[in-house]
Amino acid sequence: MASTMIALASASLPASLSLRNNCKLKMKRGSFDHNALLKEKRNSFIKTKSFGRLTMVVAVNVSRFEGITMAPPDPILGVSEAFKADTNEMKLNLGVGAYRTEELQPYVLNVVKKAENLMLERGENKEYLPIEGLAAFNIVTAELLFGAANSVIQQQRVATVQGLSGTGSLRLAAALIERYFPGAKVIMSSPTWGNHKNILNDAGVPWSEYRYYDPKTVGLDFDGMISDIKAAPEGSFVLLHGCAHNPTGIDPTPEQWEKIADVIQEKNHIPFFDVAYQGFASGSLDADASSVRSFVARGMELLVAQSYSKNLGLYAERIGAINVVCSSADAAERVKSQLKRLARPMYSNPPIHGARIVANVVGNPALFSEWKAEMELMAGRIKNVRQKLYDSLSAKDKSGKDWSFILKQIGMFSFTGLNKAQSDNMTNKWHVYMTKDGRVSLAGLSSAKCEYLADAIIDSYHNVS
Ligand code: KET
């Protein structure tokens, strides 16, 4: 914290000195207001020193940022910080959704390494990208999402802008909603990824929740979801997880998706998809895009934020995109121009490295099929530990509790149903780091640790209320 030293009074100089915004000490030749100084001293750590007729006032540790309070740790990324600080050797980080190997090490995909080698060989430069990002990336990312043969692509009805991964793309979409649909509400699932609320709050977009998770069935509250979407003001944006719903791991069935689309169309709502796990729900990139594609096939206008953090393991490269499907190419062009206008003062233009990796992997048939195989391996490893965790829980828990909901969930996570106190016990007693809503990232679990995790869950579930 900054320290300030101020000469307050000298024999010859009258002075009027503002120490803090709300305090002024007036002085005349050779004298000054001791009472005011004493008062200020009490309020702001001021010390005085006298040297004959010269009085020094020393203000220590007075910060202009004193009014700023400590922010709480982030509910997800804060967990990784706490994990790092733990020295227990049994510790497990099941907080953030980040893929680990069986050895619990971070994983850089082989196709990513190959794409980076290609980039080095080509000696590409580091010039600024245009505001909308790398053209080759924007083409392949929309194709990966909608399918290259999709009419929205053929008819150039998609405004695609490269974003700062999923979060930055969602933030750009939120800024577009705030500017061009003032007062429109975003409705989101209860629960949802915690950052959705932060993103909309910071963009000044009003939001509310629709029912999604039913703790009684540990499944989807489909009727609640439908009636809440129906009840939302006409023309609301409906935030939907394209696949592998975070944190519940519960997705609507294809038939349920159709009904959701029906209600959204009836109410003139606009679907707003968050696709952060394409490939991680089923292991197939195409299957995981089917919800979005079925809405597009109905001719609906919609928004889709994409992320390559998980499926290409490009977490820190911050690569993703916002896609706005419009009813005409002309509208798409105008939307794109406004997305660029919103991006320019926020971050000017996006980073190039991740965009080149994606463009190289998706745009190169050999690397693309290699990626799909690696994707299946990652998704498969998670399915294995999911099964093993279920087996361990069922074998060890003699209470007769049915743990089969774990097998019904998909994607990187399992929503265990543990409450905050039980999740605290997982961390404090068992050194298992997870989010306080009871979510564990199975992508951070190895087969070797399944039994240990099952012991921790059983203890927390039965012995902590
Ligand atoms: N959407 C969802 C649903 C999501 O889970 C994440 C990340 C993102 C978007 C954004 O990811 P990005 O890295 O900006 O592309 N979720 C994990 C990490 C995080 O919270 O930032 C998580 O839930 O653990």
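This briefing covers ring pairs, charges over rings, ligand contacts and backbone features.

The model is predicted, so local features need pLDDT of at least 70 and side-chain atom pairs count only at pLDDT 80 or more, while totals for chains, interfaces and linings use all residues. Residues are numbered from 1 along each chain as its sequence is written, and side-chain values use heavy atoms, with hydrogens and water left out.

**Aromatic pairs**

- Rings of Phe, Tyr and Trp (its six-membered ring) pair if their centres lie within 6.5 Å; planes under 30 degrees apart are stacked, over 60 edge-to-face, and the rest tilted.
- The count by this rule is 13 aromatic pairs.
- Tyrosine 213 and phenylalanine 415 are edge-to-face, because their ring centres are 4.9 Å apart and their planes stand at 80°.
- Tyrosine 213 belongs to strand 11 (residues 213-214) and phenylalanine 415 to strand 17 (residues 413-415), so this pair ties together parts 202 residues apart in sequence.
- Helices (H or I, at least four residues) and strands (E, at least two) are DSSP runs, numbered from the N terminus.
- Tyrosine 213 is buried at 16% relative accessibility, and phenylalanine 415 is buried at 7%.
- Buried means under 20% relative accessible area, exposed over 50%, and partly exposed in between (1.4 Å probe, protein chains only).
- Phenylalanine 368 and tryptophan 371 make a tilted pair, at 6.1 Å centre to centre with 55° between the planes.
- Both residues lie in helix 13 (residues 365-396), 3 residues apart, so about one helical turn separates them.
- Phenylalanine 368 is partly exposed, at 21% relative accessible area, whereas tryptophan 371 is buried at 0%.
- Trp257, Phe273 and Phe295 form a cluster linked by ring pairs.

**Charges over rings**

- A charge sits over a ring if NZ of Lys or CZ of Arg is within 6 Å of the ring centre and within 35 degrees of the ring normal.
- Lysine 401 has its charged end over the ring of tryptophan 403, 4.8 Å from the centre.
- Arginine 439 lies over the face of phenylalanine 413, 3.8 Å from the ring centre.

**Ligand**

- The ligand is surrounded by 16 residues (a heavy atom within 4 Å).
- The closest are Ser165, Thr167, Asn246, Asp274 and Ser307.
- Polar side-chain atoms lie 2.5 Å from a ligand oxygen atom for serine 165, 2.9 Å for tryptophan 193 and 2.6 Å for serine 307.
- The protein covers 93% of the 520 Å² of accessible area that the ligand has on its own; such areas come from the Shrake-Rupley method with a 1.4 Å probe, and for residues only the protein chains shown count as cover.

**Backbone features**

- Most residues other than glycine have a negative phi, and most peptide bonds are trans.
- Serine 190 and proline 191 are joined by a cis peptide bond, with omega about 0°.
- Proline 191 lies in the loop between strand 9 (186-190) and helix 7 (195-203).
- A cis peptide bond also joins asparagine 246 and proline 247, with omega about 15°.
- Proline 247 is in the loop between strand 13 (237-241) and helix 9 (254-266).
- Serine 348 is not a glycine, yet has a positive phi near 75°.
- Serine 348 is placed in the loop between helix 11 (329-347) and helix 12 (353-363).
- Histidine 431 is not a glycine either, and has a positive phi of about 60°.
- Histidine 431 is buried, with a relative accessible area of 17%.

How values were computed:
Polar contact = N/O pair within 3.5 Å; in protein donor to acceptor, adjacent residues only side chain to side chain.
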